Amino acid sequence: MFLFEGKVKQIVGSTLQDLKDGGSSLVTNFESDRSAAEYANLYKEDGLIGGHVIMLGADALSKSSAIRALHAYPGGLQVGGGINLDNALSYIEEGASHVIITSYVFNNGQMDLPRLKELVRVVGKQRLVLDLSCRKKEGNYVIVTDRWQKFTDVCLDQKVLDFLAIYADEFLVHGVDVEGKKLGIDEELVSLLGRHSPIPVTYAGGVTVMADLERIKVAGMGRVDVTVGSALDIFGGNMAYKDVVTWHVQQEVLAV
């Protein structure tokens, strides 16, 4: 779930701009009357582990909302958005299973390895999720930062995934070009992740119907997890949350 000014929202990823201007450019699919903590309790009841709480702004309301969600489901949620060396450990102490890192490590368009190593030293590899969200540029998937607006000089490929896996427990990859648009998944990106990620990886972006979950399973060769947002009925969409939970449970049974 995305948080902005303390509210749970679903957004069109490619419209994220610098939110200091009040977020006028942000295209919102849905704004919930339910708190982040209520969603956390729902995930807890259904035994869903690893949900994402992403703070879109550095505002105090969103931070407070995120912490209440972490308290509601200790060890069950990952938190991201403005995470850095100074605050990462505090979110773990508040109950996050992992912290999600992007812009702090990909600084000014380049990978900042000393920062990444220092984060691993402070938080631990087992608590770190690297957000490698990307957009297509000149035929390559290029990692983007700063609310997905700034292209880095790092392309997502086998070499980069192998290298970064040394420093992270998981990867999170939003297909930013399809994020929040409910136009279908980026199968090419899912396939790349399934072939080359040496550690657990979660794909997000474009899931619209139940069949998309099967497409991700096939394209990712059963090695890519998925997160669903705007399409879910609990976020104003048409996919039944309970149907997705049932599908997830069935996959776990099949994997045994």
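Is Tyr 43 buried or exposed? Tyr 43 is buried, at a relative accessible area of 11%, where buried denotes under 20% relative accessible area, exposed over 50%, and partly exposed in between (1.4 Å probe, protein chains only). The views below show a predicted model, in which local features need pLDDT of at least 70, side-chain atom pairs count only at pLDDT 80 or more, and totals for chains, interfaces and linings use all residues. Residues are numbered from 1 along each chain as its sequence is written, and side-chain values use heavy atoms, with hydrogens and water left out.

**View A. Aromatic pairs of the model.** The count comes to five aromatic pairs, a pair being rings of Phe, Tyr and Trp (its six-membered ring) whose centres lie within 6.5 Å, with planes under 30 degrees apart termed stacked, over 60 edge-to-face and the rest tilted. Phe 2 and Trp 148 form an edge-to-face pair, 6.2 Å centre to centre with 85° between the planes. This pair joins distant parts of the chain, 146 residues apart: Phe 2 belongs to strand β1, and Trp 148 to the loop between β11 (140–145) and β12 (150–155). Helices (H or I, at least four residues) and strands (E, at least two) are DSSP runs, numbered from the N terminus. Both Phe 2 and Trp 148 are buried. Tyr 43 and Tyr 241 form a tilted pair, with 6.5 Å centre to centre and 35° between the planes. Here helix α1 (residues 36–45) contributes Tyr 43 and helix α8 contributes Tyr 241, 198 residues apart. Tyr 241 is buried at 5% relative accessibility. Ring pairs also link Phe 30, Tyr 39 and Phe 235 into a cluster.

**View B. Surroundings of Ser 133.** Ser 133 occupies the loop between β9 (128–131) and β10 (134–137). Ser 133 counts as buried because its relative accessibility is 0%. A polar atom of the Ser 133 side chain lies 3.0 Å from the backbone nitrogen of His 174. Leaving aside residues up to four places away in sequence, the residues in contact with Ser 133 (heavy atoms within 4.5 Å) include Val 142, Ile 143, Trp 148, Leu 172 and His 174.

**View C. The largest pocket.** The largest pocket holds about 1,300 Å³ of space, the volume being the space filled by probe spheres set on grid points joined across faces, edges and corners. A pocket is an open set of points on a 1 Å grid over the protein atoms alone, where a 1.4 Å probe fits, with protein on both sides within 12 Å along at least five of seven lines; lining residues have an atom within 4 Å of a point. Of its 49 lining residues, Thr 202, Asp 225, Val 226, Thr 227 and His 248 lie nearest the centre of the largest pocket. Elements giving two or more residues to this lining include β4 (51–55), β13 (170–174) and α7 (210–219). The most comes from α8, with seven residues.

**View D. The second largest pocket.** About 630 Å³ of space lies in the second largest pocket. Its lining comprises 26 residues, with Met 55, Gly 81, Gly 82, Ser 103 and Arg 147 nearest the centre. At least two lining residues come from each of β4 and β6 (98–101).

View E. Most residues other than glycine have a negative phi. Glu 5 has a positive phi near 55° and is found in the loop between β1 (2–4) and β2 (7–11). Met 221, also not a glycine, has a positive phi of about 55° and lies in the loop between α7 and β15. Glu 5 is partly exposed, with a relative accessible area of 45%, and Met 221 is partly exposed, at 48%.

Terms used
Polar contact = N/O pair within 3.5 Å; in protein donor to acceptor, adjacent residues only side chain to side chain.
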